[in-house]
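Thanks for coming, everyone. Please look at the sequence and the model on the screen, and I will walk you through it.

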Amino acid sequence: MKIAIISDIHANLEALESVLSDIDRSKIETVYCLGDLIGYGPNPKEVLTLCRERKFTGIIAGNHESAVVGSSPLEEFTELAARAIEWTQKELQQSFFGPNYIEFLKTLPDKLTVTNLGYPLTKLIAESAVPRVSCLMVH
């Protein structure tokens, strides 16, 4: 079984499209995203829409998603990151007729455990429990 693990897209649509193209060429059907879909880049709506359309096997919230929905204080971020988060919040709240991006972000868990993946990967634990720290444990 081939598995793709992606993270830290930070609203960079072109990079995400390139990575997904490689995933498709490699015929990988199982894709996990370890968070930070948004932040810094200019395309948070488009990135979130594409990720929802692709129906990844699993997505966890990164610290940027947590901050955008108000779960993490902006004081824990650099000034540049805090400004990017504020801009992203405004962008995502301007969706009058489209999907509710903020509500989607609120549904993302901060931990993902996957078992029975087959040898040599028998267990995958991904966690975004502490601001600016993500953990990926593979057994």
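Let me start with charged pairs. A search of the whole structure finds four salt bridges. By salt bridge I mean a side-chain nitrogen of Lys or Arg within 4 Å of a carboxyl oxygen of Asp or Glu.

Before the details, a word on the source. This is a predicted model: local features need pLDDT of at least 70, side-chain atom pairs count only at pLDDT 80 or more, and totals for chains, interfaces and linings use all residues. Residues are numbered from 1 along each chain as its sequence is written, and side-chain values use heavy atoms, with hydrogens and water left out.

Back to the pairs. Aspartate 24 forms a salt bridge with arginine 54, and their closest N and O atoms are 2.7 Å apart. Aspartate 24 sits in helix H1 and arginine 54 in helix H2, so this pair ties together parts that are 30 residues apart in sequence. When I say helix, I mean a DSSP run of H or I with at least four residues; a strand is a run of E with at least two, and both are numbered from the N terminus.

How accessible are the two partners? Aspartate 24 is partly exposed, at 42% relative accessible area. Arginine 54 is also partly exposed, at 28%. The cut-offs: buried is under 20% relative accessible area, exposed is over 50%, and partly exposed is in between, with a 1.4 Å probe and protein chains only.

Next, helix H4. Here glutamate 79 and arginine 83 meet through their side chains in a salt bridge, 3.7 Å from N to O. The two are four residues apart, about one turn of the helix. Both are exposed.

Lysine 106 is partly exposed at 48%, and glutamate 103 is partly exposed at 40%.

Now the sheet. In what order do the strands lie? The order is S1-S2-S3, in an open sheet of three strands with parallel pairing. Strands S1 and S3 (58-59) stand at the edges with a single partner each, so one side of each has no neighbour in the sheet. Two strands count as paired if DSSP finds at least two bridges between them.

S1 and S2 are joined by four bridges. One of the residues involved is isoleucine 6, whose bridge partner in S2 is cysteine 33. From S1 the chain crosses through H1 to S2, a right-handed β-α-β crossover. Right-handed means this: with the strands pointing away from the viewer, the path from the first strand over the helix to the second runs clockwise.

S2 and S3 pair over two bridges. There, tyrosine 32 has glycine 58 in S3 as its bridge partner.

Look at the faces of S1. Ala4 and Ile6 are on the covered face, while Ile3 and Ile5 are on the uncovered one. In a regular strand the side chains alternate between the two faces of the sheet.

On to the inside. Which residues touch the most other members of the largest nonpolar core? They are Ile6, Leu16, Leu37, Leu48, Phe56, Leu92 and Leu105, out of 31 residues. Elements giving two or more residues to this core include strand S1 (3-6), helix H1 (13-25) and helix H4 (79-93). A nonpolar core here is a set of buried Ala, Val, Leu, Ile, Met, Phe, Trp, Tyr and Cys residues joined through side-chain atoms within 4.5 Å. A second, separate core has five residues, among them Leu34, Ile60, Leu112 and Val114.

Helix H2 next. Its buried residues are Pro44, Val47, Leu48, Leu50 and Cys51. They cover an arc of only 160 degrees around the axis, which puts them on the same side of H2. That arc is taken from the directions from the helix axis to the C-beta atoms. Covering these residues are elements including H1, H4 and H5.

Last, two loop residues. Alanine 11, between S1 and H1, has a positive phi near 60 degrees. Alanine 11 is buried, at 1% relative accessibility. Lysine 27, between H1 and S2, also has a positive phi, near 55 degrees. Lysine 27 is exposed, at 69%. Most residues other than glycine have a negative phi, and most peptide bonds are trans.

That is the tour. Questions, please.

Notes: Contact means heavy atoms within 4.5 Å.
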